[in-house]
Amino acid sequence: MDLRRDMGNGQQSLWSRILSFIGRLLLAISIPLIAFYVLYLGFVFLRDSQAPRAVIALVAIVWGVGGVALLYWIFNGLVEMLPDAWTTRLLPFVFVGPAVAILGWYLAIPTLRTFYISLFDRDGPPAGMNFLQQLSSQAFVGLSNYRAVFTESLMLEAFRNNLMWIVFGSTLSVTFGLVVAVLADRSRFEKVAKSFIFLPYAISFVGASIIWNFIYEYRPANQPQVGLLNAIVTSFGGTPQAWPQWVSIIPWNNLFLIVIVIWLQAGFSMVLFSAALKGIPDELLEAGRIDGANEFQIFFRIMIPYIQGTIISVWTTVVIFTLKIFDVVWVMTGGQFGTHVIATQFYRQSFTNGNSGYGSAIAIVLLIAVIPVMYYNLKQFREQEAF
Amino acid sequence: MESGKRQKLLGSLFVNGTLLLLVMLWTIPTLGIFVSSFRNRDDIGTSGWWNVLPHREWQPVREIDPKELGVDPNGVMEIEGATGTFEEFREGIATPDGKRVTWIGNKRIGKVEVQEWVWTVNWNFTLDNYRQVLGGQDFVFKKPDGTVEVVPGDNMNRAFLNSLSVAVPSTVIPILIAAFAAYAFAWMNFPGRRAFFITVVALLVVPLQIALVPILRDYKALNLNGTFLAIWLAHTGFGLALATYLLYNYISTLPRDILESAFIDGASHFTVFTQLILPLSVPALASFAIFQFLWIWNDYLVALIFLGGNPEFELVTQRMAAIVGARGQDWHLLTAGAFISMVLPLAVFFGLQRYFVRGLLAGSVKG
């Protein structure tokens, strides 16, 4: 009796094993297929649908967010169905895979591709040729795009302007941030004051450009000035100007654009400095005061050396930011009136002029300019053990 | 003792005074467009926004028809005690009793105003600017003299919804992907772990400009350009390196014991990740989410390139830039539009300031 039952069990378990194997196989194939199909339907809906905007927005959000979560869930489920040894081996790649694939597609490979494109003339490497044919074709121009980058007058203007952005933009936003942080630290109104200074950080460059365009608004001298700056200037008897477009003071008209970024970024440096200042031990400051140091000596001799690391990391961050500045210049002046910077030149060459070889060379130059600053920046942040 | 107290008071006066000055400098630009966005279309173009504050200006007290006076505009005239030529009257001539006489209009059908220098405020506030900027249809604008002008609406509504549909998935997707990757880097063993992680950190230096041309080519080949998916993936790609790096910094410092006891209880990596790690990482996730959301909401360049060709999918920043380009003088639209574009970031900023600051301190700064 016992034996038969055992045999029955064995048979049943064999059958059920086969069935479950087939079931798993079917599931393993059909679940991703169904999932991909559903995701594809969502994609088509979003691309072609005439539904009301609010419905599309909702579908977009649910589809985009839910789709990614669904894919992880499915792939995890599939890998967990495998034998344990394989699960352990494959699961990390389910977790890391998407990130690595996307970073590869969007950053790593494009860097190489952009460099490759930068060696060709305006249309890039000719299509339909293999690698060697491309390199020996007429379109291959070697490094001459780079020679143009460093000799063309508009590019030289852009380099000069970016230098101004770095020198004035980053230095002044760091200085203002530091000043506000130190002052707020001693004020009863610390929270309110810091909120107001920090507020512009949440405003887009396009929004900020409108705000400042309104301040710089120009009307001929005999009309009422609606721009604040010109109203102030004329009330003191000066002549109104279209400040960022004031061509006779090139390159100093760039300062009117740089002010915008100082206004936006000072809050950022203030927050970091404020936290760093709070980290200075009170005993240190007390000791300085007992020794008869005045407030300025305390600031320059104790505070600044103590938060030096923060100053460097904030400064490098803003430098990187100003190196890549684009939106403000593009919306305010479009690069006219001697205000082009590297990123606007890149945009103009790549997309307005359709000269992808030259544009790519500019992008590579930008990358090379950013690398040392970024390296220094990351090193600083690591040393401070943020988070 | 007394002098010490005085010095302290002076010091606090200096500190708070300078602070107040800086705060005002930083706030006035925003205040200007905020006030202007509620002002009448005609007022914005003819007087500065600061005229909403009490100030003194010439206000008409009486109107005179010059024909009744019988003066000759081509010669020297005397009106209400003021003497001068037509050109001088156009500028306004002061009368002995402190009033001013000004000729409005031309010589033949103009009128003369007697004006007084009085305190006044300019408070013609309206919501019309917002209606016009938000609406998609034509907007009927009534001028003060009764004529009607039809102007096209600016469809900011649609742009706002588009921006939301871009920003929310572009925030959540990279965070989800980065959190999975950060977990694997921190708590799983696999060949190439170190190499992959170093690559991720190295990619922090790549400015997104580098990727635009190649990615645009891919999108054109895949027929993806101008779709939501295209821009989600682009933002995911550009934000992922930083997200992974920051979340790794956080997740790798979580106490090892919690995870180990979960594994002993038979939990799988997926369960540990979703049930333990994600809830524990909420502070880090939230602060990165705020930043990513703001970058995307405020982004102009990426949208310009990957959504540029499709007006249906225009975002708030693109819409604003388009209004600047096409109607840079229409300040009633620009100011209202700018303020609409700022509403959400400012709400996020004020509502979640704590996370915001924490995120900054953790290095949430896009390289």
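This briefing covers the two chains of the structure, the contact between them and two individual residues. The model is predicted. Chain A has 16 helices and zero strands, whereas chain B has 16 helices and eight strands. The contact between the chains takes 90 residues from chain A and 92 residues from chain B.

**Chain A**

- The 387 residues of chain A would have a radius of gyration near 21 Å as a compact globule, but the value for chain A is 30 Å.
- The C-alpha trace of chain A spans about 110 × 70 × 50 Å along its principal axes.
- Of the 387 residues in chain A, 41% are buried.
- For contacts in chain A between residues at least 6 apart in sequence, 65% join residues at least 24 apart.

**Chain B**

- Along the principal axes, the C-alpha trace of chain B extends over about 105 × 75 × 35 Å.
- Buried residues account for 44% of the 367 residues in chain B.
- In chain B, 66% of the contacts with a separation of 6 or more are between residues 24 or more positions apart.

**Contact between the chains**

- Chain A contributes 90 residues to the contact and chain B contributes 92 residues.
- Helix α3 of chain A (residues 84-117) supplies 19 residues, the largest share of the side of chain A that touches chain B.
- That side of chain A consists of 70 nonpolar, 13 polar and seven charged residues.

**Packing of α3(A) against α9(B)**

- Helix α3(A) packs against helix α9 of chain B (residues 228-251) at an angle of about 120 degrees, and their axes are 9 Å apart.
- The crossing of α3(A) past α9(B) is left-handed.
- On the α3(A) side, the contact is made by Ala99(A), Ile102(A), Leu103(A), Trp105(A), Tyr106(A) and Leu107(A).
- On the α9(B) side, the contact is made by Ala234(B), Thr236(B), Gly237(B), Phe238(B), Leu240(B), Ala241(B) and Thr244(B).
- By class, the residues of this contact of α3(A) with α9(B) are ten nonpolar, three polar and no charged.

**Trp295(B)**

- Trp295(B) is part of helix α12 of chain B (residues 282-298).
- Trp295(B) has 20 other C-beta atoms within 10 Å, and therefore counts as buried, for which 20 or more are needed.
- Trp295(B) and Pro255(B) are 40 residues apart along the chain, and their C-alpha atoms are separated by 32 Å.

**Phe337(A)**

- Phe337(A) is found in the loop between α14 (327-332) and α15 (342-352) of chain A.
- The phi of Phe337(A) is positive, about 60 degrees, although Phe337(A) is not a glycine.
- With 19 other C-beta atoms within 10 Å, Phe337(A) is partly exposed, because a buried residue needs 20 or more and an exposed one has 12 or fewer.

Key: Residues are numbered from 1 along each chain as its sequence is written. Chains are lettered from A and ligands numbered from 1 in the order in which they are written. This is a predicted model: local features need pLDDT of at least 70, side-chain atom pairs count only at pLDDT 80 or more; totals for chains, interfaces and linings use all residues. Two residues are in contact if their C-beta atoms, placed from the backbone, lie within 7 Å. Helices (H or I, at least four residues) and strands (E, at least two) are DSSP runs, numbered from the N terminus. Ala, Val, Leu, Ile, Met, Phe, Trp, Tyr, Cys and Pro count as nonpolar, Asp, Glu, Lys and Arg as charged, and the others, Gly among them, as polar. Axes are lines fitted to C-alpha atoms, for helices over the stretch in contact, and angles run from 0 to 180 degrees between N-to-C directions. A crossing is left-handed if the near helix is turned anticlockwise from the far one by less than a right angle, and right-handed if clockwise. The radius of gyration is taken over C-alpha atoms; the globule rule is 2.2 Å times the number of residues to the power 0.38.
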